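Me: I would like a close look at a single part of this protein. Please set it in its context as you go.

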Amino acid sequence: MVKIAVLVSGGGTKLQALIDAEKRGEIPAGRLTLCVSSNPEAYALTRARQHGMQTAVVRMRDYSDRAAYSAALLEVLRQAQIDLVVLAGFLTILPEEVIAAYPDRIINVHPSLIPSFCGPGFYGLKVHRAALDYGVKVTGATVHLVSEVVDGGRILLQKAVEVEEGDTPETLQRRVMEQAEWKLLPRAVALLCEKILQEKKGI
């Protein structure tokens, strides 16, 4: 079984999408094991505990530098014997040491069709506001591998979502989550878990 850690910062709607998918049997090769939050008040931690996941809070500001933060985060992941790391609304940019420790084993979901509206500074409502300001007719979400370049890793899955007349950043955000992010992320996790499990078995 592939052990999955989900890194969060807020309410945990993407985590909930993963929990619901696991309950439906849609992640057969994986198990949601650990939830790590950068925010001790994040409701995602409550969702995780209710699902029987281990939880931890690791905040950058609690450490003297990025190296100390990296070491603490890696220790939490290693203690739980994590195989796959999922960024689900995690607002801290992962240090290179963490990325290097999990090559092609960290994924992120971004609320646009990369390479549009991505990179440093593009997160949350800012992405949707930029899409509306630019006047695009189609946006969507992307699940990609995490690399040292923000939103620059190899794309795994994408799904388009139409922009509707009268959309606000808030309404567009909700539609992109419901139609794309909550569907793509569990699918990508399931695919990667299957791949990791086969590698573990030497297939």
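How many helices and strands make up the secondary structure of the protein? Then take helix α1: which of its residues are buried, and what covers them?

Reply: A word on the source first: this is a predicted model. Its secondary structure comes to six helices and seven strands. Along the sequence they follow the pattern β-α-β-α-β-α-β-α-β-α-β-β-α. The radius of gyration is 16 Å, close to the 17 Å that the globule rule gives for 203 residues, so the protein is as compact as a globular protein of that length. The C-alpha trace spans about 50 × 40 × 30 Å along its principal axes.

Now the helix. α1 runs over residues 13-23. Its buried residues are Lys14, Leu15, Ala17, Leu18, Ile19, Ala21 and Glu22. Among the strands it includes β1 (2-8), β2 (30-37), β4 (84-87) and β5 (106-110). Helices contribute too, including α2 (43-50) and α6 (169-201). After α1 comes Gly25, with a positive phi near 80 degrees.

Back to the whole chain. Buried residues make up 49% of the 203. Take the contacts between residues at least 6 apart in sequence: 66% of them join residues at least 24 apart. The accessible surface comes to about 9800 Å², and carbon and sulfur atoms hold 50% of that. As for charge, there are 24 positive and 23 negative side chains. The centres of these two sets lie 4 Å apart.

Technical notes
Residues are numbered from 1 along each chain as its sequence is written. This is a predicted model: local features need pLDDT of at least 70, side-chain atom pairs count only at pLDDT 80 or more; totals for chains, interfaces and linings use all residues. Side-chain values use heavy atoms; hydrogens and water are left out. Helices (H or I, at least four residues) and strands (E, at least two) are DSSP runs, numbered from the N terminus. The radius of gyration is taken over C-alpha atoms; the globule rule is 2.2 Å times the number of residues to the power 0.38. Buried means under 20% relative accessible area, exposed over 50%, partly exposed in between (1.4 Å probe, protein chains only). Contact means heavy atoms within 4.5 Å. Accessible areas come from the Shrake-Rupley method with a 1.4 Å probe; for residues, only the protein chains shown count as cover. Lys and Arg count as positive and Asp and Glu as negative; His and the chain ends are not counted. The place of a charge is taken as NZ of Lys, CZ of Arg, CG of Asp or CD of Glu.
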